Amino acid sequence: MFGLLCRIRNSPWMGYLLPLPACLLAWVGHLALYHNGATTTPYLPFFVAIIFSTVVGGIGPGLLSTAIVEFIAGGLLDPAGYPPLTTGNPTTTLAVLAAACSALLFANYGASAAVKLDQTSKALRAVNETLEARITERSAALLEAEENLRQAKKMEAVGQLTGGIAHDFNNLLTGIMGNLERLHTLLPHAPPEELSRYIDSASDATARAANLTNRLLTFSRRQPLKPRGTDINHLIASMADLITRTIGPAISLDIAPCPQVHATLVDPNQLEHALLNLCINASDAMPGHGILRITTANTSLTTAQGSAHDLAAGDYITLTVSDTGTGMTPEVLARAFDPFFTTKPLGQGTGLGLSMIYGFARQSGGHTEVISTRGAGTIVTLYLPRHHGQVDAIVQPPSPAPAIATGLGEHILLVDDEPSIRLLAAEVLEEQGYVVHQAADGECALQFLRDGEPVDMLITDLGLPGINGRELAETGLTIRPDMKILFITGYGDRTQRPQPSAPPGQTLLNKPFSMTTLATRVQEMLSA
């Protein structure tokens, strides 16, 4: 209805169609009132006609209706037997005209205000729609710019990572290749004690390469973990002597554990590495002397506090390592977790320490926080989730001893797509008295199992082409339910998160590993 009103008022001629019918209806109403004896309000229907014509049509149609009412008021249209509205008195006529004009002006003012308000509302809506479109467009542009910035930073990190890996592995490979070359040259005539020096040097380089790959996997959160219920206070106490020897006599070690600290579910070996790395970083930041503090505490995070650390709300324990060293500038602190970023001289640091700790904490369901001020020291806090289950005793793994040929002719199916690893492992296991069957992929291994050949143990790489190692094991167990399974992998399983405990008869061995370790693990599983 209001839209029709606006349309009539905006039209140059439609409003002028209203006054005559409106006034004729008012005249009919006047006659009806007069006939019923209501002679005290003779002008009421005509005022309604004037107001209607003014509101709907505007000031022009309102003036036209006023003229028509005056024409009627003069008695020109009154039928016989009905007295005129006025007696020809000029004062009465002027009063009628004044009242009609006043009604006309007030009605026109109200209608015009309503129409302008509607037009203003429409204009405001149009502006809002345009503004929303501009905001949406601007937001999309900002998101695209942020994505481009993230991609640029990602490519920069990839460049640093690639350069760092190439630098470190080239050094390690040079050591390995050089020692093997010397062995090849001296082997025909050199005494064994001289050859052992080159063997030990090559072995040390391979061990450092293995440690570097483990740090890379931890940073990428794909390092397979073996989480257990851990008493963090007991773990720190067991490492106190090692930490003291590592940081040297010039630095004071202050350990302040919380007596009622909760247990946490982590890989204790990885936590030991993380703590030792933090202590080494702290000692490097205090070249003269200083104080290194290790504290533990219980904490509960609300939803808001957890979101600030990208954690779920709940109970956590904190492991804090603080020092009184040189601290970090804001620029260095912003890049503290970047892979291969280090402030140490060339050759004295890989830049993977804090990034490895960050990856370990995130993979364990926690977070790492660093607070540092130049000249005021550094505080590194690890948030680790609370564990409500049983605490496992920390068992120091014994040094691997040379494997003894204890095989009793057990049949082993060895599956790996890398020929050098598969052939070498098969040769070692055959020397231990096992019957080894080899397969290069999961399809060949499944076919071997379906053929009914005896298999006591399956050793399979997780990252096989086609059917991966886990799928092979699941299908193989439907064929031979009593078969033991040893997974070997050079990275974490992409399809599943690390589990607190492996199913009975299954275990995981991370690459790189020595052949002695492989033979020992096979012996332990088959004799269990």
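Contact here means heavy atoms within 4.5 Å. The model is a predicted one, in which local features need pLDDT of at least 70 and side-chain atom pairs count only at pLDDT 80 or more, while totals for chains, interfaces and linings use all residues. Residues are numbered from 1 along each chain as its sequence is written, and side-chain values use heavy atoms, with hydrogens and water left out.

Ser-372 lies in strand β6, residues 367-373; strands (E, at least two residues) and helices (H or I, at least four) are DSSP runs numbered from the N terminus. Apart from neighbours within four places in sequence, Ser-372 is in contact with Gly-327, Met-328, Leu-333, Gly-377 and Thr-378. The side chains of Ser-372 and Thr-378 form a polar contact of 2.8 Å, that is, a pair of N or O atoms within 3.5 Å, where within protein one must be able to donate a hydrogen and the other to accept it, and residues adjacent in sequence count only if both atoms are side-chain atoms. The Ser-372 side chain also reaches the backbone oxygen of Gly-377, at 3.3 Å.

Helix α12 comprises residues 419-431. Within α12, the residues Arg-422, Ala-425, Ala-426, Val-428 and Leu-429 are buried. They cover an arc of only 165° around the axis, and therefore lie on the same side of α12; the arc is that of the directions from the helix axis to the C-beta atoms. The buried residues of α12 pack against β8 (411-415), β9 (435-439), β10 (457-461) and α15 (515-527).

Notes
Expected span 1.5 Å × (residues − 1). Buried < 20%, exposed > 50% of the residue type's maximum accessible area, 1.4 Å probe, protein only.
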